Amino acid sequence: MVDQSKLAQESNRNLRAKDKESEKEKKNPHHVMIFGASSGIALEFARPFADRKARFTLIARDEDKLKDISADLYTRGAKNVAIVCYSLDALEGSYAATKEIIKQTEAPDTVLIAHGILGDNDALMKSPQAMDLLFRVNVLSPIGILMALEEAMGERKRGTIAVISSVAGDRGRASNFAYGSTKSAISEFTSGLRARLLPKGVFVLTVKPGMVATAMTEHLPRSPLMASPKKVSRDIIKAISQKTPVLYTPSFWRLIMFIIRHLPEFIFSRLKF
Amino acid sequence: MPTHSWGRIKGQEKDSKILHWRKDAFALSQWTGPVLAYGLGRSYGDSCLINGGTLIQTSQLNKFRHFDPETGRLSCEAGLSIEDLLKFSVPRGWFIPVSPGTKYVTMGGAIANDVHGKNHHRRGTIGCHIIDLELMRSNGEHLQCSLQQEEALFRATIGGLGLTGLILSCTIQLIPIESPYIDAEMIKTTGLGEFFEIDRTSDQDYEYTVSWIDCMAKGDQRGRGVFIRGNHAKGGDLRSYSKQKSPLITMPIDAPEFTLNRFTIKAFNEAYYHKQFSKLKMVRQGFDPFFYPLDAVGNWNRIYGKKGLLQYQCTVPTNKVEDLKQLFDRIERSGQGSFLAVLKRFGNIASPGMMSYPSEGYTLALDFRNQGRKSIELFHELDKIVIRAGGKLYPAKDALMSALTFQTAYPQWKEFERYIDPKFQSMFWERVSTRG
């Protein structure tokens with residue numbers, strides 16, 4: 001618990017204290033590592049850290065996108081931005097890649113795992129290849145990454161790992177249970193990992209956003225329930241500094257999902273939403 | 001959901017597409033046309049709207065590209081808003097060289113309309129400060145345009161109403177500031193005569209000048225108003241300024257039709273004029289209330305009700321003061337009060353923009369509630385006075401001018417047409433480019 005409070009102070013200092021960059025931070029800036037760095041939430045998450053002169057390791061498939069993000073973060077004040085083009089779609093590959101990245105860039109202070117595919121449930125049910133890819137990208141790859149991170153960060157005994165799950169993982173609904181079940185796996189995996197890493201001083205945060213207005217949801221009609229990536233990323237940063245273990249963002253989803261989880265099955269199974 | 005312009009004109013697009021990355025636009029040649037870029041929708045009329053085809057939403061294309069703290073040159077993507085630009089630049093001691101009346105404008109939109117501000121007499125339009133811009137054309141050309149390369153296309157794109165291709169990014173020269181505050185002076189004026197006099201003597205010493213005019217005042221009160229002038233404050237802490245929470249309040253719904261009528265407008269103007277007792281008031285205020293007073297009310301256009309508002313902004317040459325007075329007469333006689341009337345003198349700094357609106361003379365901006373037929377009639381009467389005086393209307397604000405009015409005021413439109421990307425179209429251009 002001593003380590004926990006030390007960590008809280010550290011992230012507070014990095015994110016909140018105005019212009020008091022300690023000598024230590026100058027020499028050894030806060031290291032932020034983002035998997036799926038080109039996702040809508042990832043960029044907004046990274047920006048406040050860049051303002052505070054952090055250094056970054058960004059992992060995503062597309063080099064052009066990574067270069068544009070890196071330009072933005074450098075301009076805002078990032079000390080260093082390392083980009084890694086890698087397709088995060090397998091357990092062993094993601095595990096090995098993460099180990100290699102950590103070897104070259106050192107263990108991170110803050111990690112965000114943000115990659116994922118949404119997919120259309122009906123189409124997924126008709127395509128074994130698409131279903132396989134969904135589970136590889138959304139479940140197996142994050143697990144590989146988390147396994148590698150557990151080793152490296154557990155050794156150093158500090159840091160935060162935030163993983164983007166979803167409210168869809170709270171209960172399998174008729175319209176998107178394929179995606180929902182991948183996120184359910186992530187919620188449960190991170191729940192256990194949180195308990196396992198707690199004594200080692202590493203904090204694991206499970207992020208459960210509702211619908212977020214990003215490229216992933218562009219084909220869906222905009223609704224008042226849809227949050228901006230900026231709002232979601234602000235909530236994540238706050239949850240990191242306050243050590244909220246499971247974050248529903250925006251917060252009204254906590255209540256909605258509480259109700260949905262507690263609906264009796266004979267009613268729930270008749271709902272087609 | 002169809003898009004609206006700020007004056008609540010409805011877009012007729014078939015489809016819309018959000019641009020997240022510059023590289024998304026590299027496939028422009030494969031998209032089905034027509035297309036048009038749409039930023040934050042602050043254009044009042046129909047210049048940001050399209051009839052059929054696809055609206056390309058650019059406000060997510062908002063990343064910085066590069067900043068040189070020595071020279072104050074900033075490169076950014078075209079969807080970056082002036083709000084986000086200032087959040088970045090002010091603590092670093094730099095300010096946007098030219099600012100329109102709202103910060104909810106994208107850089108791409110600012111270039112496409114070659115926007116002006118309260119310092120036109122000192123710094124010209126924003127186009128005078130654009131060093132280069134990145135343009136994607138539907139024939140697959142991906143160009144860096146500046147005065148040194150692709151000069152013609154650079155000039156056509158500044159003030160080119162988004163028709164010359166898709167602006168992806170730009171580099172702008174910022175101006176250094178010592179403080180986030182403005183030292184402002186408000187001077188009550190008794191009539192247009194006094195306005196001209198103060199205006200003449202303020203040019204030299206004030207970066208920003210503008211005047212609010214009470215167009216409801218009659219008799220010997222006619223033309224009274226408040227002359228506002230200011231300079232960036234000297235010294236002080238760049239970070240001391242806690243920026244205005246944006247917006248402070250928001251209009252949740254359209255106000256009912258009767259909210260703005262002759263009496264409430266008169267009362268507002270009366271109150272605004274008399275809010276200041278003394279002849280001269282000096283204040284040090286943050287840049288937000290000085291430049292963007294209306295941004296404090298989110299969706300303020302809803303005050304005008306469901307039918308929206310019509311803006312009328314025109315310029316008449318400096319030597320046509322009589323015509324300017326006639327405009328005021330005509331508005332007064334129509335009984336259609338303008339809620340906010342703003343008068344400013346443009347200086348003689350030429351913009352590189354081929355179709356740029358500002359030119360030396362007096363510019364008058366008026367807000368009217370959209371009253372259909374009645375408004376159209378008044379506007380056409382005003383058009384006649386403006387055209388006769390050799391003046392012109394501002395496309396970014398216009399929803400009603402005829403093709404003839406436009407083509408008379410902008411004789412270079414034919415030459416400009418050669419630079420229009422064939423895949424780009426807007427409701428405004430369809431309206432004003434008809435022949436006959």
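Hi everyone. Buried area is the accessible area, taken with a 1.4 Å probe, that two parts lose on being put together, summed over both. Chain A and chain B bury about 1,500 Å² between them, with 49% of it on carbon and sulfur atoms. On chain A's side, A:Asp68, A:Thr75 and A:Glu218 supply 36% of the buried area, more than any other three residues.

A quick note on the source: this is a predicted model, where local features need pLDDT of at least 70 and side-chain atom pairs count only at pLDDT 80 or more, while totals for chains, interfaces and linings use all residues. Residues are numbered from 1 along each chain as its sequence is written, chains are lettered from A in the order in which they are written, and side-chain values use heavy atoms, leaving out hydrogens and water.

Back to the interface. Each chain brings 18 residues to the contact (heavy atoms within 4.5 Å). Four salt bridges run between the chains, a salt bridge being a side-chain nitrogen of Lys or Arg within 4 Å of a carboxyl oxygen of Asp or Glu. One of them joins A:Asp68 to B:Arg65, with the closest N and O atoms 3.0 Å apart.

Now some aromatics, inside chain B. B:Phe95, B:Tyr208, B:Phe287, B:Phe290, B:Phe291 and B:Tyr292 form one aromatic cluster (ring centres of Phe, Tyr or Trp, its six-membered ring, within 6.5 Å; planes under 30 degrees apart are stacked, over 60 edge-to-face, the rest tilted). B:Tyr208 and B:Phe290 have ring centres 5.9 Å apart and planes at 65 degrees, so the pair is edge-to-face. Thanks, everyone!
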